[in-house]
Amino acid sequence: MDKKMKNSFLNQTPNSEHRTPNSPEEPRIVITGLGILSSIGVGREEFWKNCLLGVPGIKPILRFDVSSSRSKMGGQLPEIDFKTFIKPANLRRMDRIGKVMVSAVKMAIDDSGLDLSKEDPHRIGISIGTGLGSSDTVDQFFRGLLKDGPVGAQPLLFQTAVPNAITSHCAIEYGIKGVNITFSHKETSTEMAMAYACHLLREGKADVILTGGGDELSEPLYHVYSRLGALSPGKEKGFEGMRPFDRDRNGIVLGEGSGILVLERLEHAEKRGVKIYAEIAGVGLSGSTDGVLRYDQKGNSLAKAMSQAAQDPSIVDYISGAANSTLDLDRVEAVAIRKVFREKAKEISVSSLKSMIGEFDGSGGVRACGVALSLYQGIIPPTIGTEHLDPDCDFNVVLGQSKKREIRSALLNSCSNGGSNISLWLKRYV
Amino acid sequence: MRKRVVVTGLGVVSAVGNSVPEFWNSLIEGKDGAKEITAFDASPYRTKRAAEVSGLNSQSHFSGKELRRLSRCDQFGLVAFREAWRSARLDQDPIDKERAGIILGAGSGGILSVEKYFRDFYQGKGKPSPSLLISYSLATTTDLIAVESGLKGPRSTTATVCSSSSVSIGVAYDMIQMGLSDVMVSGGSDSLCEVSFSGFSSLKLVDPESCKPFDKRRQGLTIGEGAGILILEEMEHALKRKAPIFSEFLGYGICADAYHLTAPEPNGEGVERVIRIALFHAGTSPEEVDTINAHGTATIFNDIAETRGIKRVFGERAKEVPISGIKSIVGHCLGSAGGIEAVATVLTTKNGIIPPTIHYEVPDPHCDLNYTPNQSIKKDVRVAISNSFAFGGNNVCLVFGRFSSES
C-alpha cells in the first residue's frame with residue numbers, strides 16, 4: 001500500500017451518519033452501468049431489443065440430458081465466446097457460471113465508463129446473489145468422488161464449487177478489494193444483494209458497488225426441480241411454458257443468466273459525468289411463514305415489502321412482477337398489489353420478464369436491469385405467453401407488446417418459495 | 001443516529017457441547033472435540049476424524065415426521081435457535097414479530113441429504129425420496145427457523161462459507177440500523193458432509209492428526225460441524241423489556257484480498273484492512289482490544305498471514321493481546337464457524353475468561369504472538385474481536401464490547 005492509499009478504506013463521506021434507510025434526505029443511489037447475459041440476448045442492447053419485441057427465450061433443452069424428466073424446456077444462454085470478455089489465461093480457473101458472472105461484471109463496468117485504474121480498489125465493492133451458484137461443478141466433483149473415492153475428489157473443481165467462488169472470480173479479475181459478499185436465498189438472492197449494496201453506499205462504506213447476480217441451468221438443478229414437482233409439466237399433462245397471470249398457468253420453466261448493475265452515490269456519478277439509468281430509492285424486506293416450500297399465502301408480507309420500499313405509492317407506474325407462472329405466487333402478487341394500491345392498482349402497468357427468460361433464483365439481476373432500462377426509456381416490455389388473464393389477476397398486465405408510457409417510478413418484486421419477500425423501488429432519474 | 005445493538009440470546013450445538021453452558025465449560029477446559037466420523041463412511045480417507053456433534057438426541061427435539069424431512073444441518077440450527085430464543089426470554093416476552101427477522105450464514109447446508117439422494121440416484125438404487133432434496137437450497141435452515149418462530153421481518157442467507165455466519169451477524173446488525181427490525185436472529189448452522197470433507201482433504205488442508213493452530217507442526221484443520229446462533233437486539237428495545245444482555249455488538253468490517261481462489265494474501269494486508277475497518281466502524285481503536293478470536297485454521301498460510309495482519313494493526317502491543325484459536329477445540333465448522341466463534345467471543349467479554357488454543361507445543365518463528373496455549377486465562381475484556389476469512393480472500397471481522405448502558 002502506498003502512503004496515499006494507506007487508510008483510504010476508512011474514508012467516510014460527509015453523509016455517512018446513520019439514518020433510516022428510506023428517508024428522502026439520504027444520499028441518492030444511482031445505476032450507472034448494466035451488464036446482462038440472458039437467453040434473449042447477451043449485452044444490454046440485444047437483451048433490450050428482444051425484451052421489447054417479446055422474444056421467447058424458452059426452448060427445448062439441448063445442453064444436457066432431460067430424458068428422465070417429463071418437462072423438456074428451459075431458458076438457456078446461447079453459446080458465448082467468453083474470450084471476448086475474459087483473458088484466455090484467466091478463463092482456465094473459472095467454471096461456466098463463473099465465466100458468465102465475470103462477463104456480466106465486465107460489461108457493467110464498461111457500460112458505466114468506470115476507469116478502475118483511477119478508482120481506489122478498496123472503495124469498490126461487490127455484492128452478489130445466487131441461488132445455487134456452481135451447481136454443475138458441485139455435481140461434477142461429487143460424481144468424481146462417487147466413481148473413484150477420495151482420489152476422485154478434484155481440488156480444482158472444489159475451489160470453484162463453493163457458492164461464493166463466482167464473487168471471488170470477479171474480485172480477483174478486477175482487483176475489487178472493498179466489500180465482498182454473496183447471498184443465497186432462493187428467488188430473493190439478488191434482490192437482497194442489491195438492498196445490502198444500497199445500504200452500504202448510503203453509509204459511505206464504499207464508493208461503487210457491483211451488484212446483482214445470476215444462476216445457471218444445470219442438469220442436477222433441473223433434476224431437483226423436476227423431482228420436487230415445481231416445473232411446468234410438459235405435453236402429457238398439458239402445456240409446458242411460462243404464462244404468468246394466466247388462468248391456465250401450471251408451474252415454472254427454469255432459465256439462467258446474469259445481470260449486474262453498477263451502483264454509486266449520485267455525487268460520485270456526477271463527478272464522473274456519466275449517464276444515469278435510474279435511481280434506487282427504497283428497499284422493503286419482509287418474511288412470510290407459511291412453510292419452507294410455500295410462497296407468501298395471503299400477500300401480507302409482499303404488501304409490507306412494497307409499502308416499505310415505495311415511500312410515495314402515488315407515483316408508482318410500473319411493477320416488474322415476481323409472478324412466475326405458479327398458481328400460488330401469481331395470485332398472491334395480485335392480492336398484494338391490490339392491498340397496497342387499492343383503486344389505483346388498475347392504473348399501474350404490471351409485467352413479468354420471467355415470461356421471456358424463465359424463472360431462476362438469480363433472475364433479479366437481469367430483471368433489475370430491465371426496470372432500469374424501462375425507467376430510462378419510458379417503455380415497458382410485455383408479458384408473453386399469457387392468453388387468458390386469471391380473473392384473480394385482473395389488473396393492467398402488459399400483454400403481447402411493449403407499452404410506452406410515462407414511468408415516474410417502478411417496483412421490482414421478488415418472493416421466495418419459503419417466505420423471503422423483497423421489493424426494490426426504482427425511480428426515474430431527474 | 002447509529003442505533004446501539006446488543007446480544008440478548010445465545011445458542012450452540014457443537015462437538016464439545018450441545019448447550020451454551022456445556023460448550024463454554026469445554027472451551028475453558030480445552031476439551032478436544034475431534035472423534036471418529038460416523039456421519040458418513042470415512043474409511044477410505046487418510047483422516048478419519050472430525051469434530052462431530054454427538055449426544056444431541058434428535059428424538060427428544062423432533063417428531064419422527066419432522067426427522068424424515070429435516071437435514072442434519074436443519075436440526076442443529078433449530079436446536080441452537082431454540083436455546084438462543086429462550087435465553088433471550090423471547091419465548092415469554094411478547095414482541096412485534098413483523099419487526100423480528102433472520103439472517104443466517106450457510107456453508108454446505110443440508111448437502112448431506114442431497115448427497116444421499118444423488119448417491120442412490122447415480123448408482124441406480126431405486127428412486128430416492130425427493131424430501132431429501134428440500135435441502136438443496138442454502139435457504140432451507142433459515143426458512144425453517146422463521147416458520148417455526150413466526151418471524152416476519154427481513155430474511156436472507158449469506159453464502160461465503162467459512163465467513164458466512166460471521167457476515168450474517170453484520171448483515172443482521174445492518175437490518176436493525178436500517179430501521180427494518182428490532183430483533184434479529186443471526187449466526188449459522190452447518191453439518192459434516194462428504195463433499196466438503198473430501199474437498200478440503202483434496203486441497204491438502206486437513207491435518208491427519210490433531211488441529212494445531214499457530215504451532216510449527218501444524219498441517220491443517222480438523223473439519224467440524226454444529227450451529228452458533230446469536231440474537232441481536234436494538235438496545236432500547238432490549239432495555240425496555242429488561243432482557244438479559246450478554247454483550248454489545250459494536251460493528252464489523254468486510255473486505256476482500258482479491259488475490260487467490262483459496263490462498264490468503266501472504267503479507268496479512270487483507271487481515272490488517274478488515275480489522276482496521278471493523279474497529280473504525282465500531283468506534284473503537286486497537287488500544288481497547290483485549291483479545292482476538294482468531295480465524296486460526298492451522299493451515300500453513302492462514303496462520304502466518306493472520307499473525308502478520310495482527311502485527312500490522314497492533315504493532316508493539318500485538319504480543320500483549322491474547323489470541324484464541326478455538327478451531328483446535330470445535331474444529332472448522334465452515335458455515336457455522338463464525339457463529340460458534342462469535343458465541344465464544346461474546347462469552348469471553350461477559351465472563352472475562354479467554355479460551356485456549358489447544359495442542360500448542362512447538363512455537364513457529366513466523367507465528368510469535370500470545371496464542372493462549374493450552375490453558376484458558378482470566379482477563380478483564382473491554383473489547384474482543386473475532387476474525388473469519390473465507391476462500392477467495394473474503395475477510396470479515398466482528399467487534400464485541402462489554403456492555404454498559406452508558407455510552
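**Exercise 1. Describe the contact between domain 1 and domain 2 of chain A.**

Solution. In this predicted model, 56 residues of domain 1 of chain A touch 52 residues of domain 2 of chain A. Next, find the elements on the domain 1 side. Those giving two or more residues include strand 1 (29–38), helix 1 (44–53) and helix 7 of chain A. Helix 7 of chain A gives the largest share, six residues. Then sort that side by class: 23 nonpolar, 23 polar and ten charged residues. Domain 1 spans 29–272 and domain 2 spans 284–427. Their C-alpha centres lie 21 Å apart.

**Exercise 2. Work out what chain A brings to its contact with chain B.**

Solution. Start with the totals: 62 residues from chain A and 65 residues from chain B. On the chain A side, the elements with two or more residues include helix 5 (155–161), helix 8 (219–227) and strand 9 (278–287). The largest share is six residues, from helix 4 of chain A. By class, the chain A side holds 30 nonpolar, 27 polar and five charged residues.

**Exercise 3. Classify the packing of helix 9 and helix 10 of chain B.**

Solution. Take the axes of helix 9 (residues 269–281) and helix 10 (residues 300–314) of chain B. They come within 7 Å and cross at roughly 50°. The two helices are therefore oblique to each other. Their crossing is right-handed. Now list the contact residues. Helix 9 of chain B uses Val271(B), Glu272(B), Ile275(B) and Arg276(B). Helix 10 of chain B uses several, among them Ala305(B), Gly309(B) and Val313(B). The class count for this contact is five nonpolar, one polar and four charged residues.

Methods:
Residues are numbered from 1 along each chain as its sequence is written. Chains are lettered from A and ligands numbered from 1 in the order in which they are written. This is a predicted model: local features need pLDDT of at least 70, side-chain atom pairs count only at pLDDT 80 or more; totals for chains, interfaces and linings use all residues. Axes are lines fitted to C-alpha atoms, for helices over the stretch in contact, and angles run from 0 to 180 degrees between N-to-C directions. Helices (H or I, at least four residues) and strands (E, at least two) are DSSP runs, numbered from the N terminus. Angles under 35 degrees count as roughly parallel, over 145 as roughly antiparallel, 65 to 115 as roughly perpendicular and the rest as oblique. A crossing is left-handed if the near helix is turned anticlockwise from the far one by less than a right angle, and right-handed if clockwise. Two residues are in contact if their C-beta atoms, placed from the backbone, lie within 7 Å. Ala, Val, Leu, Ile, Met, Phe, Trp, Tyr, Cys and Pro count as nonpolar, Asp, Glu, Lys and Arg as charged, and the others, Gly among them, as polar. Domain bounds come from an automatic or database domain assignment.
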